[in-house]
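Hi everyone, thanks for making time this morning. I'd like to walk you through one model, so please have a look at it before I start talking.

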Amino acid sequence: MTIKLIAIGKTDSKALLQLISEYENRLKHYVKFELEIIPDIKNTKNLSETQQKEKEGVLILKNLTNTDVLVLLDENGKQFSSVDFSGYLQKKMNAGLKQLVFVIGGPYGFSTDVYNKAQGKISLSKMTFSHQMVRLFVVEQVYRAFTILRNEPYHHQ
């Protein structure tokens, strides 16, 4: 199975980029992982929130194949403990999925078309994080999930 993370907009912070890269490299030992960055929409001040979400939605959906399982990182999604999230990933692998795609939307969330295509929603917390920070948190939690599945000492209970 491949796990793909799609995010809108670039990350300016070199420190965050370095940490994300570190976890991407760690993940190579467990699963094929891809990070796809969709460039920010230009001239957003001339767009309504809905128009911006729709434009981002078109770009998100363009990055999917028919067999992808789409899971949105959404504040109203299901919350998992790290151990439960590892079980969630194990179930997806057991189901024989080719590609599991997590998506971090733009500043206003997702378009209706993206919500309609999604097969799940996950919330990392009830707190609000920057979209740039969420990238790091997702990659780290995917890494943590695989160390849990392999009974490695990274995760402590």
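I'll go through the pockets, then a helix pair, and then a few individual residues.

One thing to keep in mind throughout is that this is a predicted model.

Now please turn to the second largest pocket, with about 220 Å³ of space. Here 13 residues form the lining, and Phe80, Ile122, Ser123, Leu124 and Gln141 lie nearest the centre. Helix H5 comes back at this point: together with helix H3, residues 82-94, H5 makes up the elements that give two or more residues to this lining. Which of them gives the largest share? That is H5, with three residues. By class, the lining of the second largest pocket has nine nonpolar residues, four polar ones and no charged ones.

That brings us to H3 and H5 as a pair. How do these two helices meet? Their axes come within 8 Å and cross at roughly 80°. An angle from 65 to 115 degrees counts as roughly perpendicular, so that is the label for H3 and H5. On the H3 side, the contact is made by Ser82, Val83, Phe85, Ser86, Leu89, Gln90 and Met93. On the H5 side, you'll find Gln141, Val142, Arg144, Ala145, Phe146, Ile148 and Leu149. Taken by class, the residues of this contact divide into nine nonpolar, four polar and one charged.

What does His155 touch, once we leave aside its neighbours within four places in sequence? The contacts are Ser82, Val83, Arg144, Thr147 and Ile148. Take Ser82 from that list: His155 and Ser82 are 73 residues apart in sequence, with their C-alpha atoms 8.7 Å apart in space.

Next, a pair of asparagines. Most residues other than glycine have a negative phi. Asn43, though, has a positive phi, near 55°. Asn43 is in the loop between strand E2, residues 32-38, and helix H2, residues 49-62. Asn151 also has a positive phi near 55°, and its place is the segment after H5. Are these asparagines buried or exposed? With a relative accessible area of 54%, Asn43 is exposed, and Asn151 is exposed at 72%.

My last stop is Asp12, in the loop between strand E1, residues 2-8, and helix H1, residues 14-27. Asp12 has a relative accessibility of 56%, so it counts as exposed. For a sense of where that is, Asp12 and Gln141 are 22 Å apart in space, C-alpha to C-alpha, and 129 residues apart in sequence.

That's my tour, and I'm happy to go back to any part of it.

Methods:
Residues numbered from 1 in each chain as written. Predicted model: local features only at pLDDT ≥ 70, side-chain atom pairs only at ≥ 80, totals over all residues. Heavy atoms only, no water. 1 Å grid on protein atoms, 1.4 Å probe; cavity = no way out; pocket = protein on both sides within 12 Å on 5 of 7 lines; lining within 4 Å. Points joined across faces, edges and corners; volume = space filled by probe spheres on them. Helix = DSSP H or I, 4+ residues; strand = E, 2+ residues; numbered from the N terminus. Nonpolar A, V, L, I, M, F, W, Y, C, P; charged D, E, K, R; others polar. Buried < 20%, exposed > 50% of the residue type's maximum accessible area, 1.4 Å probe, protein only. Axes fitted to C-alpha atoms, helices over the stretch in contact; angles between N-to-C directions. Parallel < 35°, antiparallel > 145°, perpendicular 65-115°, else oblique. Contact = heavy atoms within 4.5 Å.
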